Amino acid sequence: LESGISNINIDLIFGAWGETIKDWKKELETAVTLPVKHISCYSLTYERNTELFKRLKTKTITQLPDNLCADMYKLTMEYLAKNKFMQYEISNFAKRGFECRHNLNYWENNSYLGLGASAVSFLNGVRSTNIPDAVKYAKLIRKGKSVVVSSEKLSAAKSARETAAIKIRTKNGIDFNWFREKTGFDFLTLEKDSLQLLVKEKFLKYIVKGGQYIGVAATRKGFLFCDYICSQLL
């Protein structure tokens, strides 16, 4: 704040080994007292071939049960809402008017340019990835050579499905008219089979206006299984 920067975000991680609901609530209580406008909360995951994963396999640490992590997430949604941090995406909460524009760009599957080693870009329907080695990246840049190691041109249908899988992460979900204008596809036709399953399982709900279905959004239960929802829509 002394620097003149008042729009501040903090990232929090829950689900660490040995953590309790009480521990996590104390973190949230501390967070809302800070002069921050945005809070991102993520569940700890154990990726293969990392030190944490190795320690998990050798049982030097213990992964928390899924139901405990789910309870921590439910607490997060309830507690931050009570403290005027509105949830607008699966892991993101903000004071009104301080939603992250950078992330909103991703969730609408808009174009972006990635700079630096391992950075990913999405331009004109082409996804490209830069070389992961920072030293080699710098050398290629100085020589005026390409730093792209892989690229993929998405088909119209694949891009539309990806848009659906990303946008469903947001609290407002997918507006059917927006989706048609964005992708050229009718959502109800494109995702017919997946949609029927996800609504039946109560992971998704229809948004209704004037007796008409105008969109679809994740339910509270769906937010707990967002990765599953996304995989079904792809």
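I call a residue buried under 20% relative accessible area, exposed over 50% and partly exposed in between, with a 1.4 Å probe and protein chains only. I am reading a predicted model, where local features need pLDDT of at least 70, side-chain atom pairs count only at pLDDT 80 or more, and totals for chains, interfaces and linings use all residues. Residues are numbered from 1 along each chain as its sequence is written, and side-chain values use heavy atoms, with hydrogens and water left out.

**Cysteines**

I started with C41. At 2% relative accessibility, C41 is buried. Next I looked for disulfides, meaning pairs of cysteine sulfur atoms within 2.5 Å. I found zero by this rule. C230 is in no disulfide either; its nearest cysteine sulfur, in C226, lies 4.0 Å away. C230 is buried too, with a relative accessible area of 12%.

**Helix α3**

I take helices (H or I, at least four residues) and strands (E, at least two) as DSSP runs, numbered from the N terminus. Helix α3 covers residues 66–82. I checked its length against the expected span, which is 1.5 Å times one less than the number of residues. Its 17 residues should span 24 Å, and the end C-alpha atoms are 25 Å apart, which agrees.

Which residues of α3 are buried? I noted C69, A70, M72, Y73, L75, T76, M77, Y79 and L80. What do they pack against? I counted contact as heavy atoms within 4.5 Å. The partners are β1 (9–14), α1 (21–31), β2 (38–43), β3 (86–89), β4 (92–94) and α10 (220–224). Just after α3, K84 takes a positive phi of about 65°.

**Strands**

I count two strands as paired if DSSP finds at least two bridges between them. Strands of a sheet pair through backbone hydrogen bonds, either parallel or antiparallel.

S121 sits opposite S128 in β6. Two residues lie between the strands of this hairpin, and N124 has a positive phi near 55°.

I also found an open sheet of three strands in the order β8-β10-β9, paired antiparallel. Which strands are at the edges? They are β8 (174–175) and β9 (204–209), each pairing on one side only. Six bridges link β9 to β10 (residues 212–218) in the antiparallel sense. There, Y206 stands opposite V216 in β10.
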